[in-house]
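Here is my note on this model. Please read it with the structure open.

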Amino acid sequence: MERAGEEREGGGGSKIRLWGLIQAAGTLAATASVLGFVGAWHWFFDLCSHFRVQYALGLGGAAVLLLIPGCRRWTLAFGALAALNLGMILPLYFGRTPAPAAGERPIRAMLANVNTRTGNAAALAAAIRRFDPDVIVLEEVSDRWLSDLKSVLDAYAYRVQEPREDNFGIGLWSRFPFARSRLVEIGPAEVPSIVVEIVTPQGRCTVLATHPLPPAGKTYSDLRNKQLAELPRWVRQASSPLVLLGDLNATPWNHYFRRLLREGRLKNSAQGRGVCATWPTFQPLLLIPIDHCLHTAGIEIVARKTGPRVGSDHYPVIVDFAICEPRSGMSPK
């Protein structure tokens, strides 16, 4: 009889520990979620801003589970924060502008962070052939990558490329001729970006390709933030509708990304299409959207899709767009 009582007591203790673990995990997620709202205060808080989908799912699941033992206060707290995070995600699923009327074939752009050291050139080449983009932006390209992709990139007559061995090589290839092209450094990080104006059958279009540093620590975070802060100045200089392509190392919920959209008067091509997560491919539970196509007025998004795995830790992004109106150049402030 005593042994049976001990087992019952032990079983109850296990249940208590289970609910305690759920409360602890939920508290951790809740804390990170709140810190993400004050990301402008500290680089570490800024890292917490990127995982809104994970917070919504995790806190929502914890709230439901804690209904079982009747932990109402925990359920209400976690449920409220889950709803708050969901409220930040849902706007990405609404507000898609109607596709322009069928006319000329849309322009297709492809962005891929290839991963300098571990990407698969054969898989990327197959994806390029499959999606047949008119404009390609590749990031983290080295001399080896350019050699391995030569057979597929030779089909593009116009190019600007700056291979590097430090994960910040960049290149842009186009079927359309360039009216002008520049390799530039935006911000103080000393990493290359590309600005080209292409001449298409629909008119001229500016393409800006950029890759800020990842926010790993205070120094890199500051350099990323300064590069994102400089981008609106380059957007305003464009004399034609502009498309910005790049691994920006920031998500739509990030303070600095939202400032870029606001100050650059840019639209997110993912609007109305959902989260469109692209990194890290090796850990699906942590997937977040950091590879972006942004655009100014005068560009209409026809379609956007996430490409297949190509051996990188990033999924490619493929965007079809149309040039709808010319744009007058503006001097930077």
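1. First, how charge is counted here: Lys and Arg are positive, Asp and Glu are negative, and His and the chain ends are left out. On that count the protein chain carries 37 positive and 28 negative side chains. The centres of the two sets lie 6 Å apart. Keep in mind that this is a predicted model.

2. Overall layout. The protein chain has nine helices and 12 strands. Its C-alpha atoms fill a box of roughly 90 × 45 × 40 Å along the principal axes.

3. Burial and surface. Of the 333 residues in the protein chain, 50% are buried. The accessible surface is about 15700 Å². Carbon and sulfur atoms supply 59% of that surface.

4. Strand E10 deserves a look. Why is strand E10, residues 291-295, described as largely enclosed by the rest of the structure? Five of its five residues are buried, so the rest of the structure largely encloses it. Buried here means under 20% relative accessible area. Asp291, Cys293 and His295 point one way from E10. His292 and Leu294 point the other way, and these too are buried.

5. Partners of E10. Strand E8 (residues 242-247) pairs with E10 in the antiparallel sense, over five bridges. In this pairing, Gly246 stands opposite His292. Strand E9 (residues 267-268) also runs antiparallel to E10, joined by two bridges. There, Lys267 stands opposite His295.

Conventions: Residues numbered from 1 in each chain as written. Predicted model: local features only at pLDDT ≥ 70, side-chain atom pairs only at ≥ 80, totals over all residues. Heavy atoms only, no water. Helix = DSSP H or I, 4+ residues; strand = E, 2+ residues; numbered from the N terminus. Buried < 20%, exposed > 50% of the residue type's maximum accessible area, 1.4 Å probe, protein only. Areas by Shrake-Rupley, 256 points an atom, 1.4 Å probe, with all protein chains shown as cover. Charge placed at Lys NZ, Arg CZ, Asp CG, Glu CD. Pairing = 2+ DSSP bridges.
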